[in-house]
2 protein chains.
Amino acid sequence: MDTTSDTRLRLLDSARSLIHLRGYGAVGVAEICARSGVRKGSFYHFFPSKQALTLAMLETQFESFESQLLKPAFDRRTPPMERFSTFLHKLHDYQARSMTETGHLPGCPFGNLGLELAAQDESIRIKVESILQRIRAYFQAALEEAVEQGSLVDIDPRATAEAMLAYLEGVLLMARTRNEAGVILDLGPAVLGIRVASAGQ
Amino acid sequence: MDTTSDTRLRLLDSARSLIHLRGYGAVGVAEICARSGVRKGSFYHFFPSKQALTLAMLETQFESFESQLLKPAFDRRTPPMERFSTFLHKLHDYQARSMTETGHLPGCPFGNLGLELAAQDESIRIKVESILQRIRAYFQAALEEAVEQGSLVDIDPRATAEAMLAYLEGVLLMARTRNEAGVILDLGPAVLGIRVASAGQ
């Protein structure tokens, strides 16, 4: 049992490093197997296809992202709007560290695959969309608290949370395209000023 | 001569439709040739590689984007901040029209390839980065006019232009991932409120 689950985890882990850096189209099952030290026949014992592996990988990737970045940054003991600044610094540190290791800024694993595959693979598009909504929920909860505390007024917390997420995805796109982690610290803080007014404003 | 340049244009045009919708990795030279009605041997008469075709395609794509969207929206006779609203509506209309034709929202042709290829192809990454800077220059010129006219104060026009561009790239990423053009009209207008303060503010 241990060896079996270990093989599955090795495949997920290799797929994650390779696909996050270079995208879905550029990475094949053979390369994922080679990096994992797993024979191709065994791959299909665990996953019927690269698509199935990618769907499972996205879930484990969200779980690490949630436990390592989202949950610590969006701790309810931190004042609501400060949570976004903490999140931004954690994002920057993660991206800068990956750049040191690989020479390339990886960007958002969810946004990257969403853009690459939206018109090609409906199940991956839907998976990415659902992960973006789970991130949005953290942002929205912080904004709702800021509204309750009176530090934000007349905003639509859900739409503002989506706009803030869109902005951070855009900042990561610019940072990856320029291959410079500093872009995250230069442009990122403007996320705090993004507002979508509540209906009727 | 006419037939020769016509073949080259057909190749560029097919690559543009196929790659904008499905990305670089998912589209091969054979498919581009088939759609253009060009034999594979002829392809290599015009372009040494898919990479070379893509670099030429990005330039023609920027030229159409500039003449059809950027120049009309950023007309100097329009008040500076209104230019962004005009641009947003043109972006929406283009994306909605493509969705009607293909069933998929294409997103930004430059941002899509920037994210997909940043860690794979340095010359395409640099080409996309230079195109994003050319778009940023239109935004920046409008912001500088708004500052001169006194309708914006204490902003860094270059950094604000980059932040606005990052936001619109993020909005297109969200719209493509949700496959809904309405996202552009829902989230887009918040671009007008994005500010990066000038140094010392």
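A rotation of 180 degrees, with 0.0 Å of shift along its axis, superposes chain A on chain B with an RMSD of 0.0 Å, where the superposition is by least squares on the C-alpha atoms of residues with pLDDT of at least 70 in both copies. That is the relation of a two-fold axis. Of the residues of chain A, A:G170 comes closest to this rotation axis, its C-alpha lying at 1.9 Å. The model is a predicted one, in which local features need pLDDT of at least 70 and side-chain atom pairs count only at pLDDT 80 or more, while totals for chains, interfaces and linings use all residues. Residues are numbered from 1 along each chain as its sequence is written, and chains are lettered from A and ligands numbered from 1 in the order in which they are written.

The predictor's own scores come next. The complex is given an ipTM of 0.96 and a pTM of 0.96. Chain A has a mean pLDDT of 95, with 98% of its residues reaching 70 or more; pLDDT is the predictor's confidence in each residue, on a scale from 0 to 100.

Where the chains meet, 41 residues of chain A are in contact with 41 residues of chain B, contact meaning that the C-beta atoms of two residues, placed from the backbone, lie within 7 Å. On the side of chain A that touches chain B, at least two residues each are supplied by helix 1 (2-22), helix 6 (109-117), helix 7, helix 8 (157-178) and helix 9 (182-187) of chain A, helices being DSSP runs of H or I with at least four residues, and strands runs of E with at least two, numbered from the N terminus. The largest share of that side, 14 residues, comes from helix 8 of chain A. By class, the residues of the side of chain A that touches chain B divide into 19 nonpolar, 12 polar and 10 charged, where Ala, Val, Leu, Ile, Met, Phe, Trp, Tyr, Cys and Pro count as nonpolar, Asp, Glu, Lys and Arg as charged, and the others, Gly among them, as polar. Because 100% of the interface residues of chain A are also interface residues in chain B, the copies meet through the same surface.

B:Y167 is buried, since 28 other C-beta atoms lie within 10 Å; a residue counts as buried if 20 or more other C-beta atoms lie within 10 Å of its own, as exposed if 12 or fewer do, and as partly exposed in between, with C-beta atoms placed from the backbone. Helix 6 of chain A has nine of its nine residues buried, so it is largely enclosed by the rest of the structure.

Within chain A, helix 7 packs with other helices. The axes of helix 4 (residues 50-73) and helix 7 of chain A come within 10 Å and cross at roughly 10 degrees, the axes being lines fitted to C-alpha atoms, for helices over the stretch in contact, and the angles running from 0 to 180 degrees between N-to-C directions. That makes helix 4 of chain A roughly parallel to helix 7 of chain A, as angles under 35 degrees count as roughly parallel, over 145 as roughly antiparallel, 65 to 115 as roughly perpendicular and the rest as oblique. Their contact has nine nonpolar, three polar and two charged residues.

Helix 5 (residues 80-102) of chain A packs against helix 7 of chain A at an angle of about 150 degrees, with the axes 7 Å apart, which makes helix 5 of chain A roughly antiparallel to helix 7 of chain A. Here A:P80, A:M81, A:R83 and A:F84 of helix 5 meet A:A142, A:L143, A:E145 and A:A146 of helix 7. Also in helix 7 (residues 122-148) of chain A is A:R136, which counts as buried because it has 20 C-beta neighbours inside 10 Å. A:R136 touches A:A161, A:E162 and A:L165, not counting residues up to four places away in sequence.

Two loop residues complete the tour. A:D154, in the loop between helix 7 and helix 8 of chain A, has a positive phi near 60 degrees and is exposed, with 10 other C-beta atoms within 10 Å. A:N179, in the loop between helix 8 and helix 9 of chain A, has a positive phi of about 55 degrees although it is not a glycine, and with 18 C-beta neighbours inside 10 Å it counts as partly exposed.
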